[in-house]
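Let's take a friendly walk through a protein model, with the sequence and the 3D view side by side. Please open both before you read on.

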Amino acid sequence: MNKLVLFLGIVALFAANARSQSFTDTFDANSLGWTECAFESSKGSAVIDKGVMTIKSKGENKAAGAFLTVMSGVATKVGENTFFETHCYAPLDVKKPFEVIANVKIDKLANDRVCGFVFNYKDGGNFYAFTFNDEMVNFTRYVDNRVVGNIVQGVKWENKKKLDQQWKLVSDGDVMSFYVDDMEILKVKYMPLDFSGIGFYTFGKQTLIVEDMTFTQI
């Protein structure tokens, strides 16, 4: 009986591994076709070089005001905000459970410096975003260049000076959860995912360095 239990356990393990597929982007090359902007525009830049991707956005305190406007639920045109994003199309079926993990380094946690994931990205005016600063975390839906819905809540950081972080986005088909350093900071239910576009969002005077990113189909 013990041998049978052991055999069934091994079979189950192999079956789980067969279902789970992972790909890690180490940014040694732009194999996923990330949008790059080598020269700083009025909004920022995104460059892959020496095994990392560096994303910079411009903006001073006016960025905080725009971010708080979004937090309040006011419909705001994307073009009116000072943010910068870069994306790729992930090797995932987003209609099935998946997990994305990114090891990053941020410039600073501050009220006027915001960063996070963009996902369900169709184009520059249609996507979802999980973003945060030193006080709040936000889930926002952009449709045709306008904010059409958002969820916001406060967040308490154990160490605001910690700049090396691990971000994780998990979807089980019904619930999407966003983690920073294994701390779940926001959970959203029943938001349909249709597009595999995924990437990073910076807002205000923020610099984000992405060391690697792993996509796993669960």
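Predicted model: local features only at pLDDT ≥ 70, side-chain atom pairs only at ≥ 80, totals over all residues.

Residues are numbered from 1 along each chain as its sequence is written, and side-chain values use heavy atoms, with hydrogens and water left out.

Helices (H or I, at least four residues) and strands (E, at least two) are DSSP runs, numbered from the N terminus. Two strands pair if DSSP finds at least two bridges between them. Strand S7 (residues 126–132) pairs with S8 in the antiparallel sense over six bridges, and Ala129 has Thr140 of S8 as its bridge partner.

Buried means under 20% relative accessible area, exposed over 50%, and partly exposed in between (1.4 Å probe, protein chains only). Six of the eight residues of S8 are buried, so S8 is largely enclosed by the rest of the structure.

**Two positive phi angles**

Asn120 is in strand S6 (residues 113–123), whereas Asp144 lies in the loop between strand S8 (136–143) and strand S9 (146–154). Neither is a glycine, as the phi lines for Asn120 and Asp144 state.

| Residue | Phi | Relative accessible area |
|---|---|---|
| Asn120 | near 45 degrees | 7%, buried |
| Asp144 | about 50 degrees | 57%, exposed |

On a 1 Å grid over the protein atoms alone, a cavity is a set of points where a 1.4 Å probe fits but cannot get out, and a pocket is an open set with protein on both sides within 12 Å along at least five of seven lines; lining residues have an atom within 4 Å of a point. A volume is the space filled by probe spheres set on the points, which are joined across faces, edges and corners.

How many cavities of 30 Å³ or more are there? The count comes to two. The largest cavity has a volume of about 60 Å³, and its lining includes Asn120, Phe119 and Val100. The largest pocket holds about 160 Å³ of space, and among the residues lining the pocket are Trp157, Lys162 and Met183.
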